[in-house]
Amino acid sequence: MIRYIEDYRVDGVVIHEAFSCRTWHPGLLCQLNTLKKVYREIPTLVLESDMVDISSYSEAETHQAIDAFIDQIEDAKG
């Protein structure tokens, strides 16, 4: 992942955490935490969803998270 960040000069990382795929999302969060510890603090956006139950989705919260992510990227660019 670090190689891709450097090769493509990535400004932020977006990951999708699917609650209905419980075996997959802990690995993603572990990668994200390791990236921050080993490499550098990088703006991140974790989009959470459940492919089985859409009642946990909030469009307003999703827009707020995206806006905050964009603000983090702009702040990091200085």
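In the predicted model, Arg 3 and Asp 7 share helix α1, which covers residues 2-7. The two positions are four residues apart, about one turn of the helix. Their side chains are joined in a salt bridge, with 3.5 Å between the closest N and O atoms. Arg 3 is exposed, its relative accessible area being 61%, whereas Asp 7 is partly exposed at 49% relative accessibility.

A further salt bridge links Asp 11 to Lys 77, with an N to O distance of 3.2 Å. Asp 11 belongs to the loop between α1 and β1 (13-18), and Lys 77 to helix α3 (residues 59-77); the pair therefore ties together parts that lie 66 residues apart in sequence. With a relative accessible area of 36%, Asp 11 is partly exposed. Lys 77, for which the corresponding value is 58%, is exposed.

Lys 36 and Glu 41 also form a salt bridge, in which the closest N and O atoms are 3.9 Å apart. This pair is counted because the separation falls within the 4 Å limit applied to a side-chain nitrogen of Lys or Arg and a carboxyl oxygen of Asp or Glu. Lys 36 is partly exposed, at 25% relative accessibility; it is not classed as buried, because that term requires a value under 20%. Glu 41, at 60% relative accessibility, is exposed.

By the distance criterion used here, the count of salt bridges in the model comes to three. Side chains of opposite charge can pair when their charged atoms come close.

Terms used
Residues numbered from 1 in each chain as written. Predicted model: local features only at pLDDT ≥ 70, side-chain atom pairs only at ≥ 80, totals over all residues. Heavy atoms only, no water. Buried < 20%, exposed > 50% of the residue type's maximum accessible area, 1.4 Å probe, protein only.
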